[in-house]
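Please look over the sequence and the structure shown below.

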Amino acid sequence: MSEKRSIFEEVGSEGTTTRAEPKGGMIDAKPRGARRAIRMWLFVLFTLVVAMIAVGGATRLTDSGLSITRWDPISGAIPPMSDADWQAEFTHYKESPQFKYMNPNMTVSEFKGIFWWEWGHRQLGRLIGMVWFIGFIGFWLTKKIPTGWTGRLFSLGILGGLQGAIGWWMVSSGLVGRMTSVASYRLATHLGLAFIILGLISWFALQLSRPESALLQARRLAEPRLTRIGSVLIGLVFVQIILGALTAGIDAGLAFPTWPSMNGQFLPSESFDYTPLWRNFFENPALVQFMHRMVGYLVFASGLYAAWRARSSAHPRTKEAFALMAAMIFFQMVLGITTALELVNYWWLGLIHQFGAIITWVLVIRARHMARFPLVRSIREGRV
């Protein structure tokens with residue numbers, strides 16, 4: 001007669017008694033999603049958007065943005081391949097106000113020089129859209145997107161598509177009447193949305209750099225006051241970026257190549273010459289440049305204050321993040337002053353100043369993230 005089996009034992013495939021292997025709980029479970037792979041994809045998108053902003057800046061500084069007068073999202077990807085194609089493209093450009101009032105003596109050879117900048121700018125836009133689409137669809141179909149992230153990653157594609165539409169809306173403003181450049185309002189909108197997209201990519205990448213459990217733990221150690229200061233700084237830097245776009249759109253920097261005064265005055269006497277009054281804040285070179293400088297000083301002072309407040313933080317990495325941010329803000333201010341003084345002679349300084357704005361923007365976002373989600377070191381490392 002066989003022995004009675006324990007109800008806590010299982011019978012193996014050969015009738016032998018085996019002990020059930022313990023299963024791990026939620027703590028031991030592998031994290032869902034491909035956080036590292038998505039971060040790499042976001043890094044590629046980040047790099048492409050930075051290149052897009054840089055090429056866009058060069059396109060503006062070389063007056064190339066109106067060289068392509070049509071919006072052909074698909075067929076426009078192929079550049080002119082023959083002399084006849086170039087001549088046809090040049091004929092379209094000849095119909096624009098920029099050619100009639102600014103470049104009436106331009107040759108086909110000179111036209112090619114401005115055409116390639118705008119074509120390259122649009123190609124980068126197409127490449128960004130393709131990289132986003134392939135990456136998002138791939139992660140979505142393979143179910144590698146972490147819980148709660150589908151909407152966030154999808155929103156990047158929506159904003160990218162909107163950016164393309166705004167880009168054409170901006171270009172079209174320079175193809176009517178006597179316009180020889182794009183409208184400054186639309187330029188500011190276009191650049192502002194580019195920085196919003198760049199900021200979201202940066203924040204998402206920072207969020208995905210740590211497991212969800214680590215973020216939840218870090219959130220309990222958040223420093224609310226420092227986080228609020230970081231939020232204010234993000235707002236101030238964004239306003240400064242918009243003012244920089246308005247300054248560039250109306251060439252306000254070229255009108256006042258002096259510092260600390262503006263052609264010998266603190267506030268230029270012509271600052272409120274336009275009517276109605278509100279136009280001065282967006283179209284008057286004197287007032288727009290004045291506001292750009294004043295907000296720049298405010299950003300500098302706020303950055304120093306934030307770094308000083310961060311010195312009392314219990315988290316070394318948070319201190320470092322705010323100190324690095326403040327150093328970059330100082331460098332960006334010096335670069336801005338140099339650009340104001342020398343832009344007439346060295347147009348590329350404007351491009352470097354814009355690139356500095358990108359670095360400043362990302363470092364401010366990173367500092368705010370460090371305040372919101374402090375990076376806690378293990379006690380075994382001797383630091384927290």
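## Confidence

This is a predicted model. The mean pLDDT of the protein is 88, and 89% of the residues score at least 70. Among the elements, helix α11 has the highest confidence, at 96. Confidence is lowest in strand β2, residues 17-18, where the mean is 46.

Residues 7-31 have a pLDDT below 50. In the model this stretch makes eleven contacts beyond near neighbours in sequence. Residues 379-384 also have a pLDDT below 50, and for that stretch there are nine contacts beyond near neighbours in sequence.

## Salt bridges

How many salt bridges does the model contain? The count is five. One of them joins the side chains of Arg 35 and Glu 212, with 3.5 Å from N to O. Arg 35 belongs to helix α1 (residues 35-61) and Glu 212 to helix α7 (residues 212-219). The two residues are 177 residues apart, and the pair links distant parts of the chain. Arg 35 is buried, at a relative accessible area of 13%, whereas Glu 212 is partly exposed, at 41%.

A salt bridge is also found between Glu 89 and Arg 70, whose closest N and O atoms are 3.2 Å apart. Glu 89 sits in helix α2 (residues 83-94), and Arg 70 is in the loop between α1 and α2. This pair, 19 residues apart, likewise links distant parts of the chain. Glu 89 has a relative accessible area of 10% and is therefore buried; Arg 70, at 35%, counts as partly exposed. In a further salt bridge, the side chains of Arg 279 and Glu 283 meet at 2.9 Å, N to O. Arg 279 is partly exposed, with a relative accessible area of 26%.

## A buried arginine without a salt bridge

Arg 293 is part of helix α11, which covers residues 285-310. The residue is buried but has no salt bridge. Which side chain of opposite charge is nearest to Arg 293? That side chain is Glu 270, and it is 11 Å away. A salt bridge requires the nitrogen and the carboxyl oxygen to be within 4 Å.

A polar atom of the Arg 293 side chain lies 3.3 Å from the backbone oxygen of Ser 261. With neighbours within four places in sequence set aside, the contacts of Arg 293 are Phe 256, Thr 258, Trp 259, Pro 260, Ser 261, Met 262 and Ala 340.

Thr 227 is located in helix α8, residues 224-249. Is Thr 227 buried or exposed? Its relative accessible area is 7%, so Thr 227 is buried. Leaving out residues up to four places away in sequence, Thr 227 touches Arg 368, Ala 371 and Arg 372.

## Aromatic pairs

Over the whole structure, 28 aromatic pairs are found. One of them is formed by Phe 111 and Phe 115, with ring centres 5.8 Å apart. Why is this pair classed as tilted? The planes of the two rings are at 50°, so the pair is tilted; planes count as edge-to-face when over 60 degrees apart and as stacked when under 30. Phe 111 and Phe 115 lie four residues apart in helix α4 (residues 108-141), which separates them by about one helical turn. Phe 111 is buried, at 0% relative accessibility, and Phe 115 is buried too, at 2%.

The rings of Phe 266 and Phe 290 have their centres 5.3 Å apart, and their planes are at 90°, so this pair is edge-to-face. Phe 266 is in the loop between α9 and α10, while Phe 290 is in helix α11. The residues are 24 residues apart, and the pair links distant parts of the chain. Phe 266 is exposed, at 58% relative accessibility, whereas Phe 290 is buried, at 14%.

Ring pairs also build a cluster from Trp 86, Phe 90, Tyr 93, Phe 99, Phe 111, Phe 115, Trp 116 and Trp 119. The tilted pair of Phe 111 and Phe 115 therefore has both of its members in this cluster.

Definitions and conventions
Residues numbered from 1 in each chain as written. Predicted model: local features only at pLDDT ≥ 70, side-chain atom pairs only at ≥ 80, totals over all residues. Heavy atoms only, no water. Buried < 20%, exposed > 50% of the residue type's maximum accessible area, 1.4 Å probe, protein only. Lys, Arg positive; Asp, Glu negative; His and termini not counted. Polar contact = N/O pair within 3.5 Å; in protein donor to acceptor, adjacent residues only side chain to side chain. Contact = heavy atoms within 4.5 Å. pLDDT = per-residue confidence, 0-100. Phe/Tyr/Trp six-rings, centres within 6.5 Å; stacked < 30°, edge-to-face > 60°.
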